Amino acid sequence: MTAPALLSPADLRRVFGAFPTGVTAIAAVVDGIPVGLAASSFTSVSLDPPLASVCIARASTTWPVLRRAGRLGVSVLAADQERLGRQLSQRGGDRFAGATWRESREGEILLDGACAWLDCSIHEEYPAGDHDIVLLRIHDLDADHDAAPLVFHRSGFGRLRS
């Protein structure tokens, strides 16, 4: 039996990139400052109890701050929010420049114009290679089914076509 070939990060990105995903903003106010990041690895997990998950890179400098929040807002970005998706993905700078959002009484940030939003708290975290899998307990949610989603595919942003 031969040893398995080593998979390069470039090959993994290329193949994983063939799977289109939505783009979410995970955000909250921490110590009076809005903190957020973009994540395309968000998915539903369970209806009972209501759980979703997101994978966060261990190298993230934003997550250690954001995870201190009691509640996290998850906004599913709409097709016209590509600029905001890019801002939330960058290192440094004002990630919320030009964005309109509301802060709930628990501190989570929900972005105006998003396709959907979820009010969550961290349920569990699991180490998984160079990422952590974060299970989120959903406390409240809603969706605008008239808004088209922003899509991440082949390392770039796009839109769905009918």
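The model is predicted: local features need pLDDT of at least 70 and side-chain atom pairs count only at pLDDT 80 or more, while totals for chains, interfaces and linings use all residues. Residues are numbered from 1 along each chain as its sequence is written, and side-chain values use heavy atoms, with hydrogens and water left out. The protein has three helices and twelve strands, where helices (H or I, at least four residues) and strands (E, at least two) are DSSP runs numbered from the N terminus.

**Overall form**

- The radius of gyration is 16 Å, close to the 15 Å that the globule rule gives for 162 residues, so the protein is as compact as a globular protein of that length. This radius is taken over C-alpha atoms, and the globule rule is 2.2 Å times the number of residues to the power 0.38.
- The C-alpha trace spans about 60 × 35 × 35 Å along the principal axes of the protein.
- The accessible surface comes to about 9800 Å², and 54% of it belongs to carbon and sulfur atoms. Such areas come from the Shrake-Rupley method with a 1.4 Å probe; for residues, only the protein chains shown count as cover.
- Of the 162 residues, 38% are buried. Buried means under 20% relative accessible area, exposed means over 50%, and partly exposed lies in between (1.4 Å probe, protein chains only).
- Among contacts (heavy atoms within 4.5 Å) between residues at least 6 apart in sequence, 64% join residues at least 24 apart.

**Nonpolar cores**

- A nonpolar core is a set of buried Ala, Val, Leu, Ile, Met, Phe, Trp, Tyr and Cys residues joined through side-chain atoms within 4.5 Å. In soluble globular proteins, nonpolar side chains tend to be buried together.
- The largest such core has 19 residues, of which I26, L37, V54, W63, L66, L72 and L136 touch the most other members.
- At least two residues of this core come from each of β2 (24-30), β3 (33-39), β5 (51-57), α2 (63-66), β6 (72-76), β9 (116-128) and β10 (131-143).
- Another core, of twelve residues, lies apart from it and includes L77, L84, L111 and F157.
- Leaving out residues up to four places away in sequence, L66 touches I26, A27, A28, V30, V35, G36, L37 and L72.

**Ring contacts**

- Rings of Phe, Tyr and Trp (its six-membered ring) pair if their centres lie within 6.5 Å; planes under 30 degrees apart count as stacked, over 60 as edge-to-face and the rest as tilted.
- By this rule there is one aromatic pair. The ring centres of F96 and W101 are 5.9 Å apart and the planes are at 55 degrees, so the pair is tilted.
- F96 is buried, at 7% relative accessible area, whereas W101 is partly exposed at 29%.
- R102 lies over the face of W117, at 5.8 Å from the ring centre. A charge sits over a ring if NZ of Lys or CZ of Arg is within 6 Å of the ring centre and within 35 degrees of the ring normal.

**Backbone geometry**

- Most residues other than glycine have a negative phi, and most peptide bonds are trans.
- D48 and P49 are joined by a cis peptide bond, with omega about 5 degrees. P49 is in the loop between β4 (43-46) and β5.
- D31 is not a glycine, yet has a positive phi of about 55 degrees. D31 sits in the loop between β2 and β3 and is exposed, with 66% relative accessibility.

**Single residues and distances**

- A143, in strand β10, is partly exposed at 36% relative accessibility. A143 and A116 are 27 residues apart along the chain, with their C-alpha atoms separated by 3.9 Å. Beyond neighbours within four places in sequence, A143 is in contact with C115 and A116.
- H145 lies in the loop between β10 and β11 (150-153) and is exposed, at 75% relative accessible area. H145 and I33 are 112 residues apart in sequence and 30 Å apart in space, C-alpha to C-alpha.
- R91 lies in the loop between α3 (82-89) and β7 (101-103) and is exposed, at 66% relative accessible area. R91 touches A59 and T61, not counting residues up to four places away in sequence. R91 and E108 are 17 residues apart in sequence and 21 Å apart in space, C-alpha to C-alpha.
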